Amino acid sequence: MNTTKPSLYDFRQKELTALVKPSFRAKQIYGWLYHQYAENFDEMKNIPKAMKEELAQKYCINPMKIVKKEESSDGTIKYLFELQDGKTVETVWLKMKDEKYDEDGALIQEARYTICVSTQVGCKVGCAFCLTAKGGFTRDLTAGEIVAQVVNLKRDNNHKHNRKINIVYMGMGEPLDNLENLTKAIEIFKEEEGLAISAKRQTVSTSGLSNKIDQLGKMDLGVHIAISLHAVDDALRSELIPMNKAHNINSIIEAVKRFPIDTRKRVMFEYLVIKNKNDDLGSAKKLVKLLSGIKAKVNLIFFNPYPGTPYERPSREDMVNFQEYLINHGLLSTIRDSKGIDISAACGQLKEKNQDEIKGNF
Ligand code: SAH
Ligand code: SF4
């Protein structure tokens with residue numbers, strides 16, 4: 001891939017219909033993209049050659065290629081993609097539920113998967129604990145590059161287009177910092193004749209840009225949000241997430257209260273637990289108070305250390321005590337399984353590893 005072209009995954013179906021005439025051709029192409037996961041124009045057998053040649057001059061199909069893949073014993077697969085301009089991003093395939101069989105060995109429930117997608121190359125937010133932040137910000141991903149991550153993972157795992165899948169915007173980058181392309185990707189995923197992934201199955205994780213939470217809420221797309229809270233007082237939160245100075249805890253809580261939420265659902269708050277920083281019961285108590293007016297669920301995440309970080313992973317005992325405090329005080333809480341711990345679990349770590357290996361080769 002030495003020339004950069006927009007991808008056909010950049011288009012909502014009606015945009016493709018405006019581009020390709022007659023409209024049934026656009027529908028056929030959409031099928032090739034999202035049902036057959038076609039990788040090149042030659043595969044599109046029922047599309048006239050001249051049309052394919054014309055399209056191929058202006059557009060590519062797949063805007064990225066897999067350059068590294070790491071599989072964990074728990075079913076997690078971490079992918080490193082190279083984009084057309086040579087930049088790299090990560091996407092993670094997470095096995096959430098195992099398949100179930102009856103006594104005769106017949107399959108009664110298929111396994112459930114979630115895909116964790118990236119929205120930017122690097123990130124501007126610069127969180128002190130995050131490996132992605134270390135490389136600074138390079139660029140936003142296009143909608144097509146966000147969409148193609150999911151298509152590539154489904155193809156690579158032989159996951160049929162109509163099998164249910166959840167998407168979490170929790171990979172590299174701050175999704176709300178790339179709001180236009182993010183919301184376009186959300187809509188493309190929803191397309192009935194595409195992957196038909198409903199907004200209810202899509203969760204946007206944000207470090208808390210309160211004005212953008214409002215903007216996303218006003219669009220009323222039906223997506224869930226997850227807030228990376230990580231701290232209960234502004235001093236610590238500003239140390240961990242520098243832009244907390246502009247979007248403090250209170251402004252985030254207020255924005256969450258305004259966000260349109262399915263009444264049956266809860267807003268997820270992610271709380272990265274760091275040893276001797278925020279793992280004490282005093283913090284747990286403040287957290288209960290802070291979230292008292294919200295139908296919330298807290299996801300406790302073990303800090304995942306990497307070389308050079310001053311922060312440490314908390315003990316399991318402190319983690320469990322923290323969780324018990326929350327639950328005993330009426331706040332629903334889970335401890336995130338350390339999925340793929342043997343393949344460097346937190347976002348940005350595979351990319352970093354690859355760069356080290358590349359450096360090591362020269
Ligand atoms: N920018 C968004 C989404 C991507 S970050 C956000 O911050 O919410 C996705 C998640 O990875 C965040 O919850 C973040 O806290 C977590 N994360 C980053 N570095 C981590 C580390 N070293 N260990 C564990 N989780 C980490
Ligand atoms: Fe960006 Fe999220 Fe990493 Fe913070 S945790 S630097 S917002 S990717």
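Proline 22 sits in the loop that links helix 1 (13-19) to helix 2 (23-34), helices being DSSP runs of H or I with at least four residues and strands being runs of E with at least two, numbered from the N terminus. The model is a predicted one, in which local features need pLDDT of at least 70, side-chain atom pairs count only at pLDDT 80 or more, and totals for chains, interfaces and linings use all residues. Residues are numbered from 1 along each chain as its sequence is written, chains are lettered from A and ligands numbered from 1 in the order in which they are written, and side-chain values use heavy atoms, with hydrogens and water left out.

The peptide bond between lysine 21 and proline 22 is cis, with omega at about -10°. Most peptide bonds are trans, and most residues other than glycine have a negative phi. Asparagine 158, in the loop between helix 5 (143-156) and strand 9 (166-169), has a positive phi of about 50°. Asparagine 276, in the loop between strand 12 (267-273) and helix 10 (281-290), likewise has a positive phi, of about 60°. Relative accessibility is 70% for asparagine 158, which therefore counts as exposed; asparagine 276 is exposed at 66%. Here exposed means over 50% relative accessible area, buried under 20%, and partly exposed in between (1.4 Å probe, protein chains only).

Turning to helix 10, its buried residues are Ser283, Ala284, Leu287 and Val288. They lie on the same side of helix 10 because they cover an arc of only 140° around the axis, taken from the directions from the helix axis to the C-beta atoms. Lys285 and Lys289 are exposed on the other side. The buried residues pack against strand 12, strand 13 (296-302) and helix 11 (316-328), contact meaning heavy atoms within 4.5 Å.
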